[in-house]
Amino acid sequence: MKRFSIRMIVNLAQLLLVFVPVTISCIMLLVNPSGALRSLKVVLPITFGLTIFTIIIQNIMLGGFQEGIRRIIGKLELVEQGDLTVSIEERSIGELNELSSTTGKVVKEFGEMVSDVYLSTSEVTHLINTVTETS
């Protein structure tokens, strides 16, 4: 199952918590003009509250996204310091999952390449020593 992107989640939250109530409120005001003032007194605080709620939800979701990015950066700093045994796995949000998967593959392939170079260097050193000893 494909996970929703952060953009899709934020847009759905805005649609459900802001756009739909505001649209319904406007329709109510147009249909019942005599009670427009009373409806407006009810609708505006509800719309304001839903807007604040949406902002809070967006910040919570983006905070999780940022925390995942920080974890990936921390692992990459370990790689930068020479630790090629780092495993990068982040499974929270679609884009973050893709980023961590790709970065993890790059780190793994780089580690394998370094290992291959080390083995080749050891073999070449052994061959040089053998040739030197037999000469």
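Salt bridges came first: I searched the whole structure, a predicted model, and the search returned two. I took a salt bridge as a side-chain nitrogen of Lys or Arg within 4 Å of a carboxyl oxygen of Asp or Glu.

I worked under these conditions: local features need pLDDT of at least 70, side-chain atom pairs count only at pLDDT 80 or more, and totals for chains, interfaces and linings use all residues. Residues are numbered from 1 along each chain as its sequence is written, and side-chain values use heavy atoms, with hydrogens and water left out.

Entry on Arg 70. I found Arg 70 paired with Glu 67, with 3.6 Å between the closest N and O atoms. I placed both in helix H2 (residues 36–80), three residues apart, about one turn of the helix. Helices here are DSSP runs of H or I, at least four residues, numbered from the N terminus.

Entry on Arg 71. I noted a salt bridge between the side chains of Glu 67 and Arg 71, at 3.9 Å from N to O. These two are four residues apart in helix H2, about one helical turn.

Entry on exposure. I used relative accessible area: buried is under 20%, exposed over 50%, partly exposed in between (1.4 Å probe, protein chains only). Arg 70 is exposed at 51%. Glu 67 is partly exposed at 36%, and Arg 71 is partly exposed at 41%.

Last entry. I recorded Glu 67, Arg 70 and Arg 71 as linked in a network of salt bridges.
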